[in-house]
Amino acid sequence: MPRKLPPFESLHVVRVSGCWEWTGPRNEDGYGKYGKYALAHRLAYINARGTIPSERVVMHTCDNPPCVNPAHLKLGTVAENNADRAQKGRSKGVFRKADPKHPAKVRRGEKHSRSTLSADDVRAIRKRHAAGESQTSLATLYRVNSGTVSRIVRNEWRTEVV
Ligand SMILES: [Zn+2]
């Protein structure tokens with residue numbers, strides 16, 4: 001009997017970049033896999049928007065293959081996708097190269113990550129803390145210091161300005 005898959009929604013962590021990074025298995029290109037055949041980002045797109053028209057592919061606007069945030073996914077043609085990959089210097093098996101044109105997409109060090117929390121991150125942190133996650137583990141997960149998490153959960157962090 002096949003093992004039951006964990007719920008799709010439980011298989012990602014939210015990064016300060018806004019990416020929902022897949023925590024399940026990945027294929028050789030870095031894309032998340034759900035079950036034997038399904039690609040996680042395609043499923044995420046279908047869950048959020050309905051269907052993927054034939055002849056179309058789901059592309060990442062964030063250039064982060066394991067990302068399953070529907071807000072970072074858009075439809076494109078195969079040709080567009082290939083051009084995009086070539087332009088970003090992403091070849092098979094290699095991803096997350098630093099892109100000098102988009103420094104914000106490069107993973108930042110701990111010292112600089114604080115200002116990259118989005119309003120969504122802040123809401124997620126409050127929700128997860130309310131659900132029992134410790135401030136320390138949230139700080140690690142979102143790569144911010146615990147003082148920041150503490151201010152967020154005490155509602156001293158204005159979501160409008162982050
Ligand atoms: Zn993303």
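The model is predicted, so local features require pLDDT of at least 70 and side-chain atom pairs count only at pLDDT 80 or more, while totals for chains, interfaces and linings use all residues. Residues are numbered from 1 along each chain as its sequence is written, and side-chain values use heavy atoms, with hydrogens and water left out.

**The whole chain**

Begin by displaying the protein chain as a cartoon. Five helices and six strands make up its secondary structure; helices (H or I, at least four residues) and strands (E, at least two) are DSSP runs, numbered from the N terminus. Followed along the sequence, the pattern is β-β-β-β-α-β-β-α-α-α-α. Of the 162 residues, 40% count as buried; buried means under 20% relative accessible area, exposed over 50%, and partly exposed in between (1.4 Å probe, protein chains only).

**The zinc site**

Next, select the zinc ion together with Cys19, Cys62, Cys67 and His72. The protein donors are the SG atoms of Cys19, Cys62 and Cys67 and the ND1 atom of His72, at 2.0 to 2.4 Å from the zinc ion. Donors are N, O and S atoms within 2.8 Å of the metal (3.2 Å for Na, K and Ca); water is not among the atoms, so sites may look incomplete. Along the chain, the donors are spaced as C-x42-C-x4-C-x4-H. The angles among the four donor atoms are 103 to 115°, and the site is tetrahedral, a term that for four donors requires all angles to lie between 85 and 135 degrees. Cys62 counts as buried at 12% relative accessibility, as does Cys67 at 0%.

**Helix α2**

Now select residues 78–87, which form helix α2; its buried residues are Asn81, Asp84 and Arg85. Viewed down the axis of α2, these buried residues fall within an arc of 95°, so they line one face of the helix; the arc is that of the directions from the helix axis to the C-beta atoms. On the other side, Ala79, Ala86 and Gln87 are exposed.

**The nonpolar cores**

Finally, select Leu117, Ile125, Leu138, Tyr142, Val144, Val149 and Ile152, the residues with the most contacts inside the largest nonpolar core, which has 15 residues. Such a core is a set of buried Ala, Val, Leu, Ile, Met, Phe, Trp, Tyr and Cys residues joined through side-chain atoms within 4.5 Å. At least two of its residues come from each of β1 (12–14), α3 (119–130), α4 (135–141) and α5 (146–153). Another core, of 11 residues, lies apart from it and includes Leu11, Ala44, Tyr45 and Leu73.

Key:
Four donors count as tetrahedral if all angles lie between 85 and 135 degrees; four count as square planar and six as octahedral if opposite donors are over 155 degrees apart and all others between 65 and 115; anything else is irregular.
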